[in-house]
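These are my notebook entries on one protein structure. I set down what I looked up, entry by entry.

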Amino acid sequence: MINSKNYSYHEIYNEPDLFGVFMNHEQFNQGVYNDMYVYGSKGIYEANPDATIGGPAFAIAQSATSTNFINAVKSNNAPMDFFSFHSYMDQGEYPSELDYVTELIANDHYFDTTAIHINEFSWLNSNNGGQDGANSDFNNYKAGYKTLDSIMAVV
């Protein structure tokens, strides 16, 4: 039998901090996503105690502070095998978002085994050229070295 803990990841939602897609700003600040994560992670864990569960896949990692996400996970004894977020370097030079997340979970032993997942990453953002379809730097040779340099920065 295959142990699902080694082969599957359950990420609770994607970019709940992008308003108008999932919820509005007021609902987000009231902790609607936090409740969704707590109930969802516990439900998955109840169905499969070997599941690997995480989130929040924030578009902006710093949203974790404004929503009190970390405290909601801990105070509800919810599982969190990984903390996921996206980084498009629009909050400054990499690794500022990674440093933020590392410090956020490093201060509490509850998260000693929590991994960090950057599950969307790019050096190209609206501040340095954008992703303008066919005209995007992603679609020509100029992107190659920048992409590889960025990957090495993450590694």
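**Entry 1: Glu 15.** I began with Glu 15, which is found in the loop between strand E1 (9-11) and helix H1 (25-29). Helices (H or I, at least four residues) and strands (E, at least two) are DSSP runs, numbered from the N terminus. The phi of Glu 15 is near 50°, a positive value in a residue other than glycine. I noted that most residues other than glycine have a negative phi, and most peptide bonds are trans. Glu 15 counts as buried because its relative accessibility is 16%; buried means under 20% relative accessible area, exposed over 50%, and partly exposed in between (1.4 Å probe, protein chains only).

**Entry 2: the source.** This is a predicted model, in which local features need pLDDT of at least 70 and side-chain atom pairs count only at pLDDT 80 or more, while totals for chains, interfaces and linings use all residues. Residues are numbered from 1 along each chain as its sequence is written, and side-chain values use heavy atoms, with hydrogens and water left out.

**Entry 3: the whole protein.** I recorded six helices and four strands, in the sequence pattern β-α-α-β-α-α-β-α-β-α. Of the 155 residues in the protein, 36% are buried. Among contacts (heavy atoms within 4.5 Å) with a separation of 6 or more, 71% are between residues 24 or more positions apart.

**Entry 4: strand E2.** Which residues does a cis peptide bond join? I found Gly 55 and Pro 56, with omega about 5°. Pro 56 is found in strand E2, and Ala 57 lies in strand E2 as well. Ala 57 has a positive phi of about 55° although it is not a glycine. Ala 57 counts as buried because its relative accessibility is 0%.

**Entry 5: the largest nonpolar core.** A nonpolar core is a set of buried Ala, Val, Leu, Ile, Met, Phe, Trp, Tyr and Cys residues joined through side-chain atoms within 4.5 Å. The largest one has 22 residues, and those touching the most other members are Tyr 33, Tyr 37, Phe 69, Ile 70, Val 73, Met 80 and Phe 83. Two or more residues come from each of helix H2 (32-47), strand E2 (52-58), helix H4 (69-75), strand E3 (82-87) and helix H5 (96-106). Leaving aside neighbours within four places in sequence, I listed the contacts of Tyr 33, among them Ile 12, Phe 28, Gly 55, Pro 56 and Phe 69.

Entry 6: Is Ser 63 buried or exposed? Ser 63 is buried because its relative accessible area is 10%. Ser 63 lies in helix H3 (residues 63-67), and a polar contact of 2.9 Å joins its side chain to that of Asp 17. A polar contact is a pair of N or O atoms within 3.5 Å; within protein, one must be able to donate a hydrogen and the other to accept it, and residues adjacent in sequence count only if both atoms are side-chain atoms. Ser 87 is found in strand E3 and counts as buried, at 1% relative accessibility. The side chain of Ser 87 makes a polar contact of 2.4 Å with the side chain of Glu 97.
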